[in-house]
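Hi,

Here is the structure I said I would pass on.

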Amino acid sequence: MGRTVAVFSSVMLLLASSASPQTRALNQALPAELAAGKRIFDAQCAWCHGTGGSGGSGPNLQRTSLRHASSDASLVRIVRTGIPGTEMPNLAISLTDRMAWQTAAYVRSLARAAHEPTAGDPRRGGAIYDQSACGACHVVRGEGGVVGPDLTAIGAVRGPAYLRQSLIEPAAAHPPGYLVARATSSDGKAIRGILVNEDVFWILLRDASGVVHTLEKADALTIAREPDATLMPSYASRLASSEVEDLVAYLTTLRGER
């Protein structure tokens, strides 16, 4: 009797693993399927979303709720075909339906992963944020400057490793939409800032003080784009390592609550 039950269980397990993945919920993925999904994620997704989905230039995926993926079907679809109008690419050419399902199952499992602990003190970090005048460039809960990204929900979409790097090596981690350019006139006067808009005749640059300059393109104006640059200063030498950790701890608490 015991052997019969064991054989029956093995057969059922085999049938479950060989069945079309799309017929099962993502949380029913078997260990082998999660392992396969992790391999795909590490090769295709980690360069944006960070190791273990902890966040990079793409959002932190170690969350129970994903903004664009409210259902299993939508998550599988996004993994395979991306999100139009965003940095999330279409991978339909390189991922089969099964591979997309396995990857989505792994992503869903990340909500159960242990989040990277932060050694800093959020309260001290909040004070450092104010003392360092970060609000001159960044908005938190509707208050602050417009030169840098809105940080109101940064802790919900970026992990500690990304936040730490953005403070120490900002040029390595700055987000898309903040391309730096320099416009120099024939008399040598230069304006350097974030590229706000550009067409055939005009270019708009927002300088470090937040002022937007509207410049007419002409033979007398030279425009140099700096794709590897940022207006964000490095805090590697401005803050002690413990202060950086405090600031990271504070930023992780910013999760969109108002």
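Which residues have the most contacts inside the largest nonpolar core? They are Leu26, Phe41 and Leu75, in a core of 23 residues. Before you go further: this is a predicted model, where local features need pLDDT of at least 70 and side-chain atom pairs count only at pLDDT 80 or more, while totals for chains, interfaces and linings use all residues. Residues are numbered from 1 along each chain as its sequence is written, and side-chain values use heavy atoms, with hydrogens and water left out.

By nonpolar core I mean a set of buried Ala, Val, Leu, Ile, Met, Phe, Trp, Tyr and Cys residues joined through side-chain atoms within 4.5 Å. Buried is under 20% relative accessible area, exposed is over 50%, and partly exposed is in between (1.4 Å probe, protein chains only). Helices (H or I, at least four residues) and strands (E, at least two) are DSSP runs, numbered from the N terminus.

Two or more residues of this core come from each of helix 2 (31-44), helix 4 (72-81) and helix 5 (97-109). Helix 5 gives the most, with six residues. Apart from this core there is another, of 18 residues, including Cys134 and Leu239.

Now the helices. Helix 2 and helix 5 pack at about 95°, with axes 7 Å apart (axes are lines fitted to C-alpha atoms, for helices over the stretch in contact, and angles run from 0 to 180 degrees between N-to-C directions). So helix 2 is roughly perpendicular to helix 5, a label for angles of 65 to 115 degrees. Phe41 of helix 2 and Tyr106 of helix 5 are among the residues making the contact, where contact means heavy atoms within 4.5 Å. Leaving aside neighbours within four places in sequence, Phe41 also touches residues including His49, Leu61 and Thr103.

In helix 4, Ser74, Leu75, Val76, Ile78 and Val79 are buried, and the buried residues of that helix pack against helix 5. Just after helix 4, Gly82 takes a positive phi of about 80°.

There is also an open sheet of five strands, in the order 6-5-4-3-7, with antiparallel pairing (two strands pair if DSSP finds at least two bridges between them). Strand 6 (212-216) and strand 7 (222-226) are at the edges with a single partner strand each, so one side of each has no neighbour in the sheet. Strand 3 (180-184) and strand 4 (190-198) are joined by five bridges, and Val180 has Ile194 as its bridge partner in strand 4.

Cheers

Conventions:
Angles under 35 degrees count as roughly parallel, over 145 as roughly antiparallel, 65 to 115 as roughly perpendicular and the rest as oblique.
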